[in-house]
Amino acid sequence: MLLNYLIIFFISMVPIVELRGAIPVAVGMGMQGWQLFWAYVVCVVGNMLPVPLIYFFARKVLIWGKDKKYIGKFFTWCYNKGEKGGEKLKKKAGKGLFIALMLFVGIPLPGTGAWTGTLAASFLDIGFKKSSIAVMCGVLIAGVIMGTASLLVSMGAGGIFSCLAPK
């Protein structure tokens with residue numbers, strides 16, 4: 001069981017996949033009840049662990065790597081994604097930037113997780129504490145959405161496959 005928790009912990013730290021991919025993996029591993037609750041907690045911690053590094057260092061690293069031969073294109077793409085996400089968020093949110101950042105991270109769509117949200121917050125110079133709390137709230141929301149959706153799909157798929165099984 002510890003291995004399963006370690007697997008989902010590391011999956012939740014991976015950019016793009018994050019908690020949105022780790023929770024369905026936990027459900028796919030058969031975690032239910034209290035196991036799923038603890039999987040949720042492990043995924044939230046794993047997803048939030050990189051946030052300080054992203055906030056304080058990612059923009060600096062991306063700027064450094066933009067003109068490098070082998071990594072330049074990827075770093076430029078990441079930098080532009082963060083800058084574009086930040087500006088888009090700022091334009092739509094106005095004074096409600098905290099709520100906008102929380103919802104941006106909380107709605108489980110590709111490219112809207114804690115990594116992108118934190119990078120956007122660093123571009124917008126939102127304070128670390130304020131942006132971390134907004135990102136944490138968004139991660140909690142995304143976890144609930146993904147957990148619920150994963151359980152519904154799992155139960156639905158189980159019902160479908162049990163009907164197809166030979167009797």
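Predicted model: local features only at pLDDT ≥ 70, side-chain atom pairs only at ≥ 80, totals over all residues.
## Overall fold

The protein chain holds 8 helices and 0 strands, and along the sequence its pattern reads α-α-α-α-α-α-α-α. The C-alpha trace spans about 60 × 40 × 30 Å along its principal axes.

Of the 167 residues in the protein chain, 41% are buried. The exposed surface comes to about 9,900 Å², with 74% of that area supplied by carbon and sulfur atoms. Among contacts with a separation of 6 or more, 70% are between residues 24 or more positions apart.

## Nonpolar cores

The largest nonpolar core has 32 residues. Ile 8, Leu 19, Ala 39, Leu 101, Val 135 and Val 139 have the most contacts inside this core. At least two of its residues come from each of helix 1 (2-13), helix 2, helix 3 (34-48), helix 4, helix 5, helix 6, helix 7 and helix 8 (128-164). Helix 3 provides the largest share, 6 residues.

Leu 101 can be taken as an example from the largest core. With neighbours within four places in sequence left aside, Leu 101 is in contact with Leu 89, Gly 117, Ala 121, Ile 126, Ser 131, Ala 134 and Val 135. Of these partners, Val 135 is also listed with the residues that have the most contacts inside the core.

## Largest pocket

The largest pocket contains about 480 Å³ of space. It is lined by 21 residues, and those closest to its centre are Pro 15, Phe 74, Cys 78, Trp 115 and Leu 119. By class, the lining divides into 13 nonpolar, 5 polar and 3 charged residues.

Helix 2 (18-28), helix 4 (51-65), helix 5 (72-93) and helix 7 (114-123) each contribute at least two lining residues. Helix 5 gives the most, with 6 residues.

## Second largest pocket

In the second largest pocket there is about 300 Å³ of space. Its lining has 14 residues, of which Lys 81, Lys 84, Gly 85, Lys 88 and Phe 104 are the closest to the centre. This lining is made up of 6 nonpolar, 4 polar and 4 charged residues.

Helix 5 and helix 6 (97-106) each supply at least two residues here. Helix 5 again gives the most, now with 9 residues.

Definitions and conventions: Residues numbered from 1 in each chain as written. Heavy atoms only, no water. 1 Å grid on protein atoms, 1.4 Å probe; cavity = no way out; pocket = protein on both sides within 12 Å on 5 of 7 lines; lining within 4 Å. Points joined across faces, edges and corners; volume = space filled by probe spheres on them. Helix = DSSP H or I, 4+ residues; strand = E, 2+ residues; numbered from the N terminus. Nonpolar A, V, L, I, M, F, W, Y, C, P; charged D, E, K, R; others polar. Core = buried A, V, L, I, M, F, W, Y, C linked by side-chain atoms within 4.5 Å. Buried < 20%, exposed > 50% of the residue type's maximum accessible area, 1.4 Å probe, protein only. Contact = heavy atoms within 4.5 Å. Areas by Shrake-Rupley, 256 points an atom, 1.4 Å probe, with all protein chains shown as cover.
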